Amino acid sequence: ALYCVDVTDADGSIWKLPVGGSFAPWARTGGHPNGSRFGPDGDLFVADCGRNAILRIALAGGAISVLADAWEGQSFRGPNDLCFGPDGRLYFTDPANPRPPLTYPCHVAVLDLETMQAEILHTGFQYTPVDSIAAMDTCCSASQSPSSSNAAVVVAKVRVHCRTEPS
């Protein structure tokens, strides 16, 4: 199946396209889901900039849970994209919701799924969010631990992220 998040949808729809089927709403976050990745357990992890949270959506049934929405008592500003590092932790960008002014310092953060603690790794990236999203990927070998020095922020002009279900 193919899963697509629609950041422009008012109710935070995540759509599913089963093999041989047609697109239909699968889950609604109530925010603005943006980046998404399937986790090692098969669930869908979502950076939701409307809810200012990292969400986990159970593939079986679509139950939504908030994994994290703050770092050391400070609310996230608008998580944008995420990926899993070779260390099993969830790395994400947190640039801010698109309100004037249009350029923000972007945080790169990590969420430890065992402790559920978030940590800001780097701040200061800049990007302009008008019709853009920041996508983050780690650039390191399996023997290295991802850090702010090898995290890359890439800006892409897209409105919908799609991910295929892991096989």
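Colleague: Quick one on aspartate 6: buried or exposed?
Modeller: Aspartate 6 is buried, at 17% relative accessible area. Buried means under 20%, exposed means over 50%, and partly exposed is in between (1.4 Å probe, protein chains only). This is a predicted model, so local features need pLDDT of at least 70 and side-chain atom pairs count only at pLDDT 80 or more, while totals for chains, interfaces and linings use all residues. Residues are numbered from 1 along each chain as its sequence is written, and side-chain values use heavy atoms, with hydrogens and water left out.

Colleague: Where does aspartate 6 sit, and what does its side chain make a polar contact with?
Modeller: Aspartate 6 belongs to strand S1, residues 2-6. Strands (E, at least two residues) and helices (H or I, at least four) are DSSP runs, numbered from the N terminus. The aspartate 6 side chain makes a polar contact with the side chain of threonine 8, at 2.6 Å. A polar contact is a pair of N or O atoms within 3.5 Å; within protein, one must be able to donate a hydrogen and the other to accept it, and residues adjacent in sequence count only if both atoms are side-chain atoms.

Colleague: How many helices and strands in the protein?
Modeller: Zero helices and 16 strands.

Colleague: And what share of the residues is buried?
Modeller: Of the 167 residues in the protein, 41% are buried.

Colleague: Which residues make up the largest nonpolar core?
Modeller: There are twelve: Phe45, Ala47, Ile54, Leu67, Ala68, Phe76, Leu82, Leu90, Phe92, Ala109, Leu111 and Ala118. A nonpolar core is a set of buried Ala, Val, Leu, Ile, Met, Phe, Trp, Tyr and Cys residues joined through side-chain atoms within 4.5 Å.

Colleague: Which strands each supply at least two residues of this core?
Modeller: S5 (44-48), S7 (64-68), S11 (90-94) and S12 (104-112) each do.

Colleague: What does the second core include?
Modeller: That separate core has eleven residues, including Tyr3, Phe38, Ala53 and Leu55.

Colleague: Back to phenylalanine 76. What is it in contact with?
Modeller: Setting aside neighbours within four places in sequence, phenylalanine 76 is in contact with Asn52, Ala53, Ile54, Ala68, Asp69, Ala70, Trp71, Phe92, Asp94 and Ala118. Contact means heavy atoms within 4.5 Å.

Colleague: New topic. How many aromatic pairs are there?
Modeller: Four, from a search of the whole structure. Rings of Phe, Tyr and Trp (its six-membered ring) pair if their centres lie within 6.5 Å; planes under 30 degrees apart are stacked, over 60 edge-to-face, and the rest tilted.

Colleague: What are tyrosine 3 and phenylalanine 38 doing as a pair?
Modeller: Their ring centres are 5.5 Å apart and their planes are at 75°, so the pair is edge-to-face. The two residues are 35 apart in the chain, with tyrosine 3 in strand S1 and phenylalanine 38 in strand S4 (residues 33-38). Both tyrosine 3 and phenylalanine 38 are buried. Ring pairs also link Tyr3, Trp26 and Phe38 into a cluster.

Colleague: How do phenylalanine 45 and phenylalanine 84 pair?
Modeller: Edge-to-face again, with 5.1 Å centre to centre and 85° between the planes. Phenylalanine 45 is in strand S5 and phenylalanine 84 in strand S10, so the pair ties together parts 39 residues apart in sequence. Phenylalanine 45 is buried, at 0% relative accessibility.

Colleague: Where is glycine 78?
Modeller: Glycine 78 is in the loop between strand S9 (74-75) and strand S10 (82-84). Its relative accessibility is 2%, so glycine 78 counts as buried.

Colleague: What about glutamate 72 and its phi?
Modeller: Glutamate 72 has a positive phi of about 45°, although it is not a glycine. It lies in the loop between strand S8 (70-71) and S9. At 70% relative accessibility, glutamate 72 is exposed.
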